[in-house]
Amino acid sequence: MNTSQAPTLQDVADRAGVSRSTASFAFTGRGRIAAGTRERVLRAAGELGYRANPAAQNLRRGWTGAVALKLPVNTEAMAYYMEVTFGVVEEAHGAGVSVTLLPPDSSPESLRHLQADGVIIIDPSPDDDAAVGLLNGGIPAVCGEAPLPGMPEPAGVVVVDHRSAVVELLDHFSKEGARRPALICPDIRNNWTESVRNAFALWCRSHGIEPVLLMTSMSDVAESTRRAAQNLLVHDDEIDSVIVMSDGTALGVANEARAQGRVIGGDLLVAAAVDSLLLASAGTPVTAIDHAPRELGRRCMRLMRAVVENRSESPVTDRHAVSLHVRASSSRSS
């Protein structure tokens with residue numbers, strides 16, 4: 001434990017020799033926990049000087065009627081995360097539960113006394129101190145996308161199978177005659193980006209292709225992606241297919257490619273790792289992986305209810321399907 005910081009729930013769990021979920025249930029009164037285990041957790045907390053979240057201490061069986069939602073930093077205006085938020089709110093409304101959208105720049109200290117039954121964290125990243133603090137807090141946390149290895153364990157996770165979608169997309173490129181794909185990806189660390197990068201690299205190597213991966217800056221994602229595409233197309237005329245992570249940057253790459261004299265859906269295939277109406281209605285509709293974000297939000301909220309109401313001591317997992325929408329940007333036959 002870092003003695004310069006206040007002890008966390010994970011510190012208590014480590015000292016008591018239990019999981020973080022068990023330690024959380026010891027404070028909230030939930031879960032099927034032996035009396036001796038509960039006493040051991042409380043004793044460890046006293047020895048470390050840990051103060052449980054007051055809201056978590058007051059939670060009893062059932063709902064108090066409030067859930068918090070944490071989105072990644074700098075994403076609250078993106079269509080994908082807006083759709084996820086709508087899904088959470090719609091599902092919560094049907095259950096008579098209110099949703100509080102946490103400020104994107106929340107500090108761990110400001111969230112220490114969060115008044116909520118639980119928190120839903122979308123795309124948790126180890127670089128987001130607020131997300132890590134919430135996972136270490138005293139209330140149940142459900143994650144939309146699994147935390148990366150080494151992060152605190154949530155009470156529930158909605159798992160998304162990115163690998164299968166990326167493989168399907170690259171197989172589609174190959175059937176359309178593409179032989180040298182590239183991936184342009186922002187420098188953020190979460191399950192989505194790392195799963196896409198790993199699936200892309202594995203597919204390329206399994207087909208005897210050296211992976212071409214360009215990293216861009218999330219702080220200037222539109223312009224840095226455009227520059228990356230420009231450099232790629234100018235210096236490597238063998239590139240015949242490109243995957244871009246977001247909808248807006250995919251359109252930017254398509255525009256840059258046209259400026260370089262490339263034909264989208266002809267000598268250059270383009271696809272996005274996330275879908276939107278913007279891509280479907282573009283002049284040349286762009287192939288994309290559809291994550292059904294509103295349904296993802298609903299699943300997160302349903303899992304949040306299951307975690308709180310069923311008081312499961314072990315982490316709960318749900319699985320969310322994604323699908324590939326093939327459009328003109330990657331279809332030479334069209």
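Glutamate 194 forms a salt bridge with arginine 197, the closest N and O atoms lying 4.0 Å apart; a salt bridge is taken here as a side-chain nitrogen of Lys or Arg within 4 Å of a carboxyl oxygen of Asp or Glu. The two residues both belong to helix 8 (residues 191-206) and are three residues apart, about one turn of the helix. Helices (H or I, at least four residues) and strands (E, at least two) are DSSP runs numbered from the N terminus. With a relative accessible area of 14%, arginine 197 is buried, whereas glutamate 194, at 25% relative accessibility, counts as partly exposed. These classes denote under 20% relative accessible area for buried, over 50% for exposed and the range in between for partly exposed (1.4 Å probe, protein chains only).

The model is predicted, so that local features need pLDDT of at least 70 and side-chain atom pairs count only at pLDDT 80 or more, while totals for chains, interfaces and linings use all residues. Residues are numbered from 1 along each chain as its sequence is written, and side-chain values use heavy atoms, with hydrogens and water left out.

In total, the structure holds 19 salt bridges. One of them joins the side chains of arginine 294 and glutamate 83 at 3.0 Å, N to O. Arginine 294 lies in helix 12 and glutamate 83 in helix 5 (residues 79-94), so this pair ties together parts that are 211 residues apart in sequence. Arginine 294 is partly exposed, with a relative accessible area of 25%, and glutamate 83 counts as partly exposed at 28% relative accessibility. Both residues belong to a network of salt bridges that links Glu83, Glu90, Glu91, Arg294, Glu295, Arg298, Arg299, Arg302 and Asp318. Alanine 292 is located in the loop between strand 10 and helix 12 (293-310). Although alanine 292 is not a glycine, its phi is positive, at about 45°. This alanine 292 is partly exposed, with a relative accessible area of 27%.

A further salt bridge connects the side chains of arginine 327 and aspartate 275 (2.9 Å, N to O). Arginine 327 lies in the segment after strand 12 (323-325) and aspartate 275 in the loop between strand 9 (269-272) and helix 11 (277-280), so the pair ties together parts that are 52 residues apart in sequence. Both arginine 327 and aspartate 275 are buried. The side chain of aspartate 290 instead makes a polar contact with that of histidine 325 (3.1 Å). A polar contact is a pair of N or O atoms within 3.5 Å; within protein, one must be able to donate a hydrogen and the other to accept it, and residues adjacent in sequence count only if both atoms are side-chain atoms. Residues up to four places away in sequence aside, aspartate 290 touches Asp275, Val322, Ser323 and His325, contact meaning heavy atoms within 4.5 Å.

Aspartate 123 occupies the loop between strand 3 (118-122) and helix 6 (129-135). At 5% relative accessibility, aspartate 123 counts as buried. No salt bridge is formed by aspartate 123, and the nearest side chain of opposite charge, lysine 70, is 11 Å away. The side chain of aspartate 123 makes a polar contact with the side chain of tyrosine 81 (2.5 Å). Phi of aspartate 123 is near 50°, a positive value in a residue other than glycine. Apart from residues up to four places away in sequence, aspartate 123 touches several residues, including Tyr80, Tyr81 and Trp192.

The structure holds one aromatic pair. Tyrosine 80 and tyrosine 81 form this pair in an edge-to-face arrangement, 5.0 Å centre to centre with 90° between the planes. Rings of Phe, Tyr and Trp (its six-membered ring) pair if their centres lie within 6.5 Å; planes under 30 degrees apart count as stacked, over 60 as edge-to-face and the rest as tilted. Tyrosine 80 and tyrosine 81 are both buried.

Strand 5 (residues 156-160) is mostly covered, four of its five residues being buried. Strand 5 pairs in the parallel sense with strand 4 (residues 141-144) over three bridges and with strand 11 (residues 316-320) over five bridges; strands pair if DSSP finds at least two bridges between them. Valine 157 in strand 5 is the bridge partner of cysteine 143, and arginine 319 in strand 11 is that of valine 159. Arginine 319 is exposed, with a relative accessible area of 61%.

Definitions and conventions. Lys and Arg count as positive and Asp and Glu as negative; His and the chain ends are not counted.
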